[in-house]
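Take a look at the protein below. The report that follows covers model confidence, nonpolar cores and cavities.

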Amino acid sequence: MKKSVADDHATYGAEAEATPTRAGSAGRQLMTLAEQIAERIFTSIASGEYAPGDRIREETIAEQLDVSRGPVREALRILEKDSVVRIQPNRGAHVTQLTIKEVGDLFEIRRDLIGAMVRRLAPHNDDLIAAIDAGVCELESVGQGGGGAEAYLVVSNRLGRLLADASRNERLAEIVGSLARQTRRYSMLGLASAARRKESARTWRAMVGALKAGDANAAADAVEDLIDALRREAIRQLALPLPTRTKD
């Protein structure tokens with residue numbers, strides 16, 4: 001993995017809290033060093049630098065990022081919690097396999113919870129609607145401009161965090177955020193083709209229209225359709241031989 005978390009030893013070698021943020025139940029919060037490392041490892045896994053079954057060595061990551069092994073170990077525990085790696089005694093951390101059974105289970109839970117979350121939204125929240133509308137415009141731009149699945153997911157995940165913060169249920173938002181991380185590799189498969197990304201953007205646009213009309217149930221239905229489409233395409237991709245899967 002390339003040295004991408006820390007280029008400045010003075011900042012990261014000291015293991016200070018850094019400035020990138022994550023969406024939390026209480027708003028935008030600082031990421032710890034371990035969370036930053038976890039995100040960088042995750043990005044390498046999602047991009048294919050680490051394949052399912054590959055071992056992620058603490059000492060290698062620590063050396064590449066110029067940090068001690070402590071925050072790397074903590075980062076791997078974060079990823080294990082999200083089912084991205086599995087830590088085995090005397091064998092270390094290995095990237096988990098993608099399976100059709102798991103994608104079906106995880107996306108079913110995610111669909112139902114996000115649907116419930118959207119139905120909790122306060123009606124006529126103009127600030128939220130404006131923020132989501134702007135994000136959907138960005139999604140449409142990424143889709144029309146040929147941006148890949150990773151670029152698309154950056155925006156759609158940001159939209160998901162907006163919805164989570166607006167749900168007014170801290171625990172629900174936390175669980176939905178964890179599910180988004182657990183399903184991210186599957187979402188990459190589900191959005192691998194330009195056609196799928198454009199279809200996804202159209203569904204987001206329908207969701208915005210429902211929110212503008214004050215119809216939270218229709219907005220929730222659109223989000224549930226969005227997740228179901230991701231699930232179906234991810235399962236279809238997983239059923240294909242690896243060399244024939246859609247890529248950007």
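## Confidence

Which element of the protein chain has the lowest mean pLDDT, and which the highest? Helix H1 (residues 9-12) has the lowest, 36. Strand E3 (residues 55-56) has the highest, 96. pLDDT is the predictor's confidence in each residue, from 0 to 100. Helices (H or I, at least four residues) and strands (E, at least two) are DSSP runs, numbered from the N terminus.

This is a predicted model, where local features need pLDDT of at least 70, side-chain atom pairs count only at pLDDT 80 or more, and totals for chains, interfaces and linings use all residues. Residues are numbered from 1 along each chain as its sequence is written, and side-chain values use heavy atoms, without hydrogens or water. The chain averages a pLDDT of 84. Over residues 2-28, pLDDT stays under 50.

## Nonpolar cores

A nonpolar core is a set of buried (under 20% relative accessible area, 1.4 Å probe, protein chains only) Ala, Val, Leu, Ile, Met, Phe, Trp, Tyr and Cys residues joined through side-chain atoms within 4.5 Å. The largest has 44 residues. Val118, Ile132, Leu163, Trp204 and Met207 touch the most other members. Helix H11 (216-239) is among the contributing elements. H11 gives the largest share, 9 residues.

A second, separate core has 20 residues, including Tyr50 and Val95.

## Lining by class

The lining of the largest cavity has 7 nonpolar (Ala, Val, Leu, Ile, Met, Phe, Trp, Tyr, Cys and Pro), 3 polar and no charged (Asp, Glu, Lys and Arg) residues. Polar covers the others, Gly among them. A cavity is a set of points on a 1 Å grid over the protein atoms alone where a 1.4 Å probe fits but cannot get out; lining residues have an atom within 4 Å of a point.

Methods:
Contact = heavy atoms within 4.5 Å. Buried < 20%, exposed > 50% of the residue type's maximum accessible area, 1.4 Å probe, protein only.
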